Amino acid sequence: MDSKSQFCFHSPAQPARMLHIMLRVGNLQRSLTFYTQILGMRILRTLDQPTDKYTLAFLGYGEESNTCVLELTYNYGVSKYQPGTGYGHIAIGVIDCYQACQAIKARGGKIMREPAPLKGTNEVIAFIEDPDGYSVELIQLTTA
């Protein structure tokens, strides 16, 4: 990408940043419960579009103006999606991966890969599954 193309996305005065990750969910309330009560996110805003038959909910650990957030999309009448083959996971940084997984289990969350160092590194990661089968990676933040 040449410098002219890059300018369309960011400039020194206004750097580009990821705004949100969107997931389609089969049961909005079930997903809101998971992301708020099990992962500790806050509901930042919701938007119901009855004419177009969908509802959006934006969740995160900080404000949309400062950080990437999660957009959950519920399409009326659709109760299940197959996670797409192009989807990987959402990654969330945590202070202590082991402790976070214990808390997630205690709240009813499903651990797919127990916390352990990533092969060949000291980076501790774990994977959990949300109610619609999407993977969420937990990455232990290092203190430098």
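By the rule that a salt bridge is a side-chain nitrogen of Lys or Arg within 4 Å of a carboxyl oxygen of Asp or Glu, the count comes to 5 salt bridges. The structure is a predicted model, in which local features need pLDDT of at least 70 and side-chain atom pairs count only at pLDDT 80 or more, while totals for chains, interfaces and linings use all residues. Residues are numbered from 1 along each chain as its sequence is written, and side-chain values use heavy atoms, with hydrogens and water left out.

The protein has 3 helices and 8 strands, where helices (H or I, at least four residues) and strands (E, at least two) are DSSP runs numbered from the N terminus. Read from that end, the order of the elements is α-β-α-β-β-β-β-α-β-β-β. Of the 144 residues, 32% count as buried; here buried means under 20% relative accessible area, exposed means over 50%, and partly exposed covers what is in between, with a 1.4 Å probe and protein chains only. The protein exposes about 9,200 Å², of which carbon and sulfur atoms supply 53%. These areas come from the Shrake-Rupley method with a 1.4 Å probe, and for residues only the protein chains shown count as cover. Among contacts (heavy atoms within 4.5 Å) with a separation of 6 or more, residues 24 or more positions apart account for 53%.

The salt bridges can now be placed on this layout. In general, side chains of opposite charge can pair when their charged atoms come close. R30 lies in helix α2 and D132 in the loop between β7 and β8, so the pair ties together parts that are 102 residues apart in sequence. D132 counts as buried because its relative accessibility is 10%, whereas R30, at 35%, counts as partly exposed. A second pair joins E63 to R42, with the closest N and O atoms 2.7 Å apart. This pair links distant parts of the chain, with E63 in the loop between β3 and β4 and R42 in strand β2, 21 residues apart. E63 is partly exposed at 40% relative accessibility, and R42 is also partly exposed at 40%. A further salt bridge, between E64 and R45, has an N to O distance of 2.6 Å. E64 belongs to the loop between β3 and β4 and R45 to strand β2, so that pair too links distant parts of the chain, 19 residues apart. Relative accessibility is 24% for E64, which counts as partly exposed, and 38% for R45, which is partly exposed as well.

At its start, a side-chain oxygen of N27 reaches to within 3.2 Å of the backbone nitrogen of Q29. After α2 comes G40, with a positive phi near 75°.

E71 is buried yet has no salt bridge, since the nearest side chain of opposite charge, R45, is 6.8 Å away. For charge, Lys and Arg count as positive and Asp and Glu as negative, while His and the chain ends are not counted. Leaving aside residues up to four places away in sequence, E71 touches H20, I21, M22, L23, L56, A57 and F58. With the same exclusion, T73 touches M22, L23, R24, V25, T55 and L56. T73 is buried, with a relative accessible area of 7%. T73 and G26 are 47 residues apart in sequence, with 8.7 Å between their C-alpha atoms.

Strand pairing brings in β8 (two strands pair if DSSP finds at least two bridges between them). Strand β5 (residues 90-94) runs parallel to β8 (residues 135-140), and 5 bridges join them; I90 has V136 as its bridge partner. Strand β7 (residues 124-129) is antiparallel to β8 and is also joined to it by 5 bridges, with I125 partnering I139. β7 and β8 form a hairpin with 5 residues between them, and G133 in the turn has a positive phi of about 90°.

A last detail concerns backbone angles. Most residues other than glycine have a negative phi. K53 has a positive phi, near 65°, and is found in the loop between β2 (42-49) and β3 (54-60). K53 is exposed, with a relative accessible area of 53%.

Definitions and conventions: A polar contact is a pair of N or O atoms within 3.5 Å; within protein, one must be able to donate a hydrogen and the other to accept it, and residues adjacent in sequence count only if both atoms are side-chain atoms.
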